[in-house]
Amino acid sequence: MPDLTSKELTALEDQLTMEQALIKKYKLYAQQCSDPQIRTKCEQIAAKHQNHYTRLLGQLN
């Protein structure tokens, strides 16, 4: 991978922060939800954002 500029690194860090926030948010929604279908959907969305986070982090390693 080519060297990233400081602007690109900042953008990646910002995106990682946003993905973390979305993971936490949808996990919380899933915990508070009484409807099993909506709970499952929130868990799926949290997992999708966890995947995004992991892939972005992999670009930095």
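Colleague: How many helices and strands are there in the protein chain?

Modeller: There are two helices and zero strands; helices (H or I, at least four residues) and strands (E, at least two) are DSSP runs, numbered from the N terminus. This is a predicted model, in which local features need pLDDT of at least 70 and side-chain atom pairs count only at pLDDT 80 or more, while totals for chains, interfaces and linings use all residues. Residues are numbered from 1 along each chain as its sequence is written, and side-chain values use heavy atoms, leaving out hydrogens and water.

Colleague: What makes E19 a residue without a salt bridge?

Modeller: A salt bridge needs a side-chain nitrogen of Lys or Arg within 4 Å of a carboxyl oxygen of Asp or Glu. For E19, in helix 1, the nearest side chain of opposite charge, K48, is 7.8 Å away, so E19 has no salt bridge. Lys and Arg count as positive and Asp and Glu as negative; His and the chain ends are not counted.

Colleague: Which residues make up the largest nonpolar core?

Modeller: The five residues are L12, L16, I23, Y53 and L56. Such a core is a set of buried Ala, Val, Leu, Ile, Met, Phe, Trp, Tyr and Cys residues joined through side-chain atoms within 4.5 Å. Helix 1 (6-32) and helix 2 (36-60) each supply at least two residues of this core, and the largest share, three residues, comes from helix 1.

How values were computed: Buried means under 20% relative accessible area, exposed over 50%, partly exposed in between (1.4 Å probe, protein chains only).
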